[in-house]
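I opened this notebook to keep track of what I looked up, one entry at a time.

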Amino acid sequence: MGCDFIARATPGVQGLQPYVPGKPAQELERELGLTDIIKLASNENPLGPSPVALAAAQQALTELHLYPDASGYRLKQALQQHFGLDPDGITLGNGSNDVLELIARAFLRPGDEVVYSRYAFLVYPIITQASSATAVVTEALDWGHDLDAMLAAVTERTRLVFIANPNNPTGTWLSRAQLCAFMDALPASVVLVLDEAYTEYSEDPEFPDGLALLARYPNLIVTRTFSKAWGLAGLRVGFAAANREITDLLNRVRQPFNVSGPALAAAEAVLQDTDYLARTLKSNRAGMRQLVDGLERLGLAVIPSAGNFVCVGLGRPAGPVYQQMLARGVIVRPVANYQMPDHLRISIGLEAQNLRCLQVLEEVLSA
Ligand SMILES: *Cc1c(COP(=O)(O)O)cnc(C)c1O
C-alpha cells in the first residue's frame, strides 16, 4: 500500500459513516430475484412525476449539449411568483442536501459548534463532522425537538442550529408559536437552518411557514426541496431562502452548474401544476389515515406525523422484521442508525401499496 491515505484525510472524514439511503427496488430485485416489489422507504411521491414537469424536462433534453443557466434565472422568477421570494435571496441546490452542505461549507470551522436534536435528519451530523465542527446533540422530547434544551445548548461557539419541520424520521413538528419563541430567544449571531422538506404535507393550521418568517429573522435560512411533494427526487433540485448577505455567501461556494437544465425546467413547470400538488396531498391524507389505522389495529405505537411517512414502534428489534419484509418484496426503512432500533419508517404509498405493506407486516409480526 505504501501510503496511509486514511491518516491523510481530515479528522472529520476519517470518522465519518456514509449516509445509508433506502434500498433501491432494483437492488432487491437483483439480490432475491423478486418482482412486484414495493418501496416505501425514501418518502418519494407515489403518484409518479407531474405530467407538466415531465413535459418540461423532455423539452429541456433537446439542450443536453449546453450547460444549464448557472444563475437559474427562470426558476428563481417562478419561485418569486409562487412564494413571494426575493430572487436575490435564493440559492439553488442539487437537491436540498446540496444547499445544506453549502451552508456547512460557508459557516463551519473546526471547533465551531452545531446544535441539533437527537433523531434529527442524518445529513446534519454528516456535514457537521465532515467540516470538523463539533456536534452538540440535545435530548428529544416526545420524539421531537426540545427547544428549551436546544437553546440551553447554545454557546458563543455555536454557529448553526438545524431543525427539520416536520422532522425526518419521526414526523414530529413544531408550531409557529414554538418556532417564533425559539427564534426570539436565539442569539442573532446564530443561524437557524429550518429544513422544510415536508412542509407541504402539514394540515395543522398552527404549522409555521418558514418563508414568511424570513423578513423577521435575518439569522434564518429556510431550505425546501422538489423531491417530496413536488415529485422530482430523481432530478435533484432544492433551494435555500435567506437574506441577501447569507445568499451571497452560499453562492460563493456553490458550483455554478449544480442544477441540471432538465431539473431547472421541471421545477419551474411543476410550480404551475396545482392539480398535481392537490392530488398529492389528497392521496397522502388518505394513505396516512389508512396506514395509521392499520398499524394501530396491529397494536403498534405510531408517532404522529405531519409528513408523507410514519415512524412506528414495533416493541421489538425492527432489523429482523425489516429483513423479513424485504424477503416478501416490501421495502421500508429501518432507523437503527437514528438510534431507533425498534422502529421502522414507512413512506405513505398508494392504497394498494399501503394495504400490502400492512398485510406483509402483520404476517411477519405473527410468524
Ligand atoms: C428528503 C429530505 C431532504 C431533501 O433531500 P433532497 O436532497 O432535496 O432530495 C431534506 N431534508 C430532509 C429532512 C429530508 O427528509
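The entries below follow the order in which I looked things up, and the model I worked from is a predicted one.

**Entry 1: the largest pocket**

I started with open space, since rolling a probe the size of a water molecule over the atoms shows where empty space is left. The largest pocket came out with a volume of about 480 Å³, and of the 25 residues that line this pocket, I noted Tyr19, Ser42, Asn97, Lys228 and Arg236 as the closest to its centre. I then sorted the lining of the largest pocket by class, and I wrote down ten nonpolar, eight polar and seven charged residues.

**Entry 2: the second largest pocket**

For the second largest pocket I found a volume of about 410 Å³, with 19 lining residues, of which Ala60, Glu63, Gly261, Leu264 and Ala265 are the closest to the centre. I wanted to know which elements give two or more residues to this lining. They are helix H4 (51-60), helix H5 (73-83) and helix H12 (261-270), and H12 gives the most, with five residues. By class, I recorded the lining of the second largest pocket as ten nonpolar, five polar and four charged residues.

In the contact, Val52, Ala53, Ala56, Ala57 and Ala60 of H4 meet Gly261, Pro262, Ala265, Ala266, Ala269 and Val270 of H12, which I counted by class as ten nonpolar, one polar and no charged residues.

I then turned to H5 and H12, which pack at an angle of about 20 degrees, with axes 9 Å apart. Since this angle is under 35 degrees, H5 and H12 are roughly parallel to each other, and their crossing is left-handed. Here Arg74, Leu75 and Ala78 in H5 meet Leu264, Ala267 and Glu268 in H12, and the contact divides into four nonpolar, no polar and two charged residues.

**Entry 3: a cavity**

How many cavities of 30 Å³ or more does the structure hold? I found one, and about 40 Å³ of space lies in the largest cavity. Its lining is made up of Asn45, Pro46, Leu47, Tyr201, Thr280, Ser283, Asn284, Asn308 and Ile348, and by class I put down four nonpolar, five polar and no charged residues.

**Entry 4: the backbone**

A cis peptide bond joins Asn165 and Pro166, with omega at about -5 degrees, and I placed Pro166 in the loop between strand S7 (158-164) and helix H9 (176-185). Another cis peptide bond joins Asn168 and Pro169, with omega at about 15 degrees, and Pro169 is found in the loop between S7 and H9.

For phi, I noted Asp142, which is not a glycine but has a positive value of about 50 degrees, and which lies in the loop between strand S5 (140-141) and strand S6 (144-145).

Note on methods: Residues are numbered from 1 along each chain as its sequence is written. This is a predicted model: local features need pLDDT of at least 70, side-chain atom pairs count only at pLDDT 80 or more; totals for chains, interfaces and linings use all residues. Side-chain values use heavy atoms; hydrogens and water are left out. On a 1 Å grid over the protein atoms alone, a cavity is a set of points where a 1.4 Å probe fits but cannot get out, and a pocket is an open set with protein on both sides within 12 Å along at least five of seven lines; lining residues have an atom within 4 Å of a point. Grid points are joined across faces, edges and corners, and a volume is the space filled by probe spheres set on the points. Ala, Val, Leu, Ile, Met, Phe, Trp, Tyr, Cys and Pro count as nonpolar, Asp, Glu, Lys and Arg as charged, and the others, Gly among them, as polar. Helices (H or I, at least four residues) and strands (E, at least two) are DSSP runs, numbered from the N terminus. Axes are lines fitted to C-alpha atoms, for helices over the stretch in contact, and angles run from 0 to 180 degrees between N-to-C directions. Angles under 35 degrees count as roughly parallel, over 145 as roughly antiparallel, 65 to 115 as roughly perpendicular and the rest as oblique. A crossing is left-handed if the near helix is turned anticlockwise from the far one by less than a right angle, and right-handed if clockwise. Contact means heavy atoms within 4.5 Å.
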